[in-house]
Amino acid sequence: MTYPSSLDNFTAKTDNVDDVMAQDINELQTAVEAIETELGTDPAGSLTDVKTRMAVSISDAGYLQFQASTGLTISSGAITVGRNIHTVDTEGAAASDELETINGYATGFFLILRAVNSNRTIVIKHGTGNIYCSGGADIILEDSYNLAMGYYDGNLSKWLIGAMSSNYGPSVSVSASLSPSASASASTSPSASTSPSGSLSPSASASASASASASASASASASPSASASLSPSASASPST
């Protein structure tokens with residue numbers, strides 16, 4: 001017998017032709033025991049058979065596929081889950097309600113929750129009952145397309161829930177760069193140097209050129225004997 005590593009082969013027997021020996025019966029018993037060992041005890045769980053149990057979360061093609069969601073209504077701050085996906089409504093159709101406790105769990109149980117109605121807000125409370133919310137803050141489901149997802153941690157005896165919301169807050173970007181004009185007026189370019197003849201180099205910044213021009217003009221106006229000229233390259237040289 002080779003199961004479960006490979007399939008067993010048996011020879012069909014014919015009445016009044018083949019003798020059924022003890023070995024034939026023993027091989028069948030060994031095969032049955034191998035199947036039982038592979039499946040383990042109670043493989044159907046609380047359902048009627050193994051196929052039905054697998055269909056709860058696995059598609060015919062073998063992909064992860066949960067059962068369709070069912071609706072739950074908060075009662076005194078609590079709900080009792082029975083499958084992996086649920087919609088949640090407020091108690092008495094109130095405009096807002098707080099979810100503090102989730103019952104019906106088992107260790108490792110995976111859960112997705114969403115509000116059933118965009119006009120009724122579900123607030124999942126952090127640390128009030130048996131729920132810990134990601135980030136240490138309450139999770140607000142204010143639209144029917146907002147989701148909260150988590151699982152039950154048996155070591156903590158808590159549900160660990162995180163938000164999967166499509167309502168993102170505004171993003172803030174900080175720019176520390178200066179515009180070319182601001183940079184020119186705020187700092188002096190390393191190439192803006194004074195030559196030995198006292199003139200500014202052609203690569204001087206705009207602010208330095210403007211300052212030299214203003215100074216040269218003021219000097220020429222104040223002293224008749226002073227000779228100062230400003231070349232197109234923003235240079236100022238003393239007269240001989």
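Q: In what sense do β6 and β10 pair?
A: Antiparallel, over five bridges. This is a predicted model, by the way. Strand β10 covers residues 147–153.

Q: Which residue in β10 is the bridge partner of Leu 111?
A: Gly 150.

Q: And β3 with β6, parallel or antiparallel?
A: Parallel, with four bridges. Strand β3 runs over residues 85–89 and β6 over residues 110–115. Within that pairing, Val 88 has Ala 115 of β6 as its bridge partner.

Q: What about β4, β7 and β9, in which order do the strands come?
A: The order is β4-β7-β9, in an open sheet of three strands. Pairing there is mixed.

Q: Which strands stand at the edges?
A: β4 (96–99) and β9 (139–141). Each has a single partner strand, so one side of each lacks a neighbour in the sheet.

Q: How many degrees does the twist average from one strand to the next?
A: 20°.

Q: How many bridges link β7 and β9?
A: Three, in the antiparallel sense. Strand β7 is residues 121–124. Ile 124 has Ile 139 in β9 as its bridge partner.

Q: Switching to pockets. How much space lies in the largest pocket?
A: About 260 Å³.

Q: Which residues lie nearest its centre?
A: Leu 47, Arg 53, Val 56, Ser 57 and Asn 84. The lining of the largest pocket has 13 residues.

Q: How does the lining divide into nonpolar, polar and charged?
A: Five residues are nonpolar, six polar and two charged.

Technical notes
Residues are numbered from 1 along each chain as its sequence is written. This is a predicted model: local features need pLDDT of at least 70, side-chain atom pairs count only at pLDDT 80 or more; totals for chains, interfaces and linings use all residues. Side-chain values use heavy atoms; hydrogens and water are left out. On a 1 Å grid over the protein atoms alone, a cavity is a set of points where a 1.4 Å probe fits but cannot get out, and a pocket is an open set with protein on both sides within 12 Å along at least five of seven lines; lining residues have an atom within 4 Å of a point. Grid points are joined across faces, edges and corners, and a volume is the space filled by probe spheres set on the points. Ala, Val, Leu, Ile, Met, Phe, Trp, Tyr, Cys and Pro count as nonpolar, Asp, Glu, Lys and Arg as charged, and the others, Gly among them, as polar. Two strands pair if DSSP finds at least two bridges between them. Helices (H or I, at least four residues) and strands (E, at least two) are DSSP runs, numbered from the N terminus. Axes are lines fitted to C-alpha atoms, for helices over the stretch in contact, and angles run from 0 to 180 degrees between N-to-C directions.
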